[in-house]
Amino acid sequence: SLKRKSTFMRGKERGVYPTFEAGCHDLINIKCYEDVVISFYEDAEGKEYLVMANAYMDMHATIKICFDSEKCDLTEMLFNGTYEHKIEPVDPDAEWGGEYFNPGQMRIFRIDRK
């Protein structure tokens, strides 16, 4: 029941979607070298969602989802929303850290603005 607002790519250019760069979203920035499809959705109540998929079918990806925890919370939605996992902010300049994605894996995160 989510309505797609926008879709972007990181990594290899796919020609159809623009590259996600800093400033494409007012609260979220993505840092990675891997090929990732990044989409933003909205539900009927106006809540916003970040949906990301590892575009590699044979390699894992580690993706930094950067956000300001004073402006929003980021919560992963698992098992059709029956389980929620709050994501902790990462240092965008740190060498390590981020969310692990299996080959082809898609993950859904709810953005709760404060």
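**View 1. The lining of the largest pocket holds 5 nonpolar, 2 polar and 4 charged residues.** Here Ala, Val, Leu, Ile, Met, Phe, Trp, Tyr, Cys and Pro count as nonpolar, Asp, Glu, Lys and Arg as charged, and the others, Gly among them, as polar. This is a predicted model, in which local features need pLDDT of at least 70, side-chain atom pairs count only at pLDDT 80 or more, and totals for chains, interfaces and linings use all residues. Residues are numbered from 1 along each chain as its sequence is written, and side-chain values use heavy atoms, without hydrogens and water. The lining residues are Lys-31, Cys-32, Tyr-33, Glu-34, Thr-62, Lys-64, Pro-92, Ala-94, Glu-95, Trp-96 and Gly-97. The space in this pocket is about 270 Å³. A pocket is an open set of points on a 1 Å grid over the protein atoms alone, where a 1.4 Å probe fits, with protein on both sides within 12 Å along at least five of seven lines; lining residues have an atom within 4 Å of a point. Its volume is the space filled by probe spheres set on the points, which are joined across faces, edges and corners.

**View 2. The protein chain has 9 strands and 0 helices.** Strands (E, at least two residues) and helices (H or I, at least four) are DSSP runs, numbered from the N terminus. The radius of gyration is 13 Å, close to the 13 Å of the globule rule for 114 residues, so the chain is as compact as a globular protein of that length. The radius is taken over C-alpha atoms, and the rule is 2.2 Å times the number of residues to the power 0.38.

**View 3. An open sheet of 6 strands runs in the order E1-E3-E4-E9-E6-E7, with antiparallel pairing.** Its edge strands, E1 (3-10) and E7 (83-87), each pair on one side only. Two strands pair if DSSP finds at least two bridges between them.

**View 4. Strand E3 (residues 36-42) pairs with E1 over 7 antiparallel bridges.** Arg-10 has Val-36 as its bridge partner in E3. E3 also pairs with strand E4 (residues 48-54), antiparallel and over 7 bridges. There, the partner of Val-36 in E4 is Asn-54. In the hairpin of E3 and E4, 5 residues lie between the strands, and Gly-46 takes a positive phi near 90°.

**View 5. Strands E6 (residues 72-78) and E9 (residues 106-113) run antiparallel, joined by 6 bridges.** Leu-74 has its bridge partner in E9 at Ile-111.
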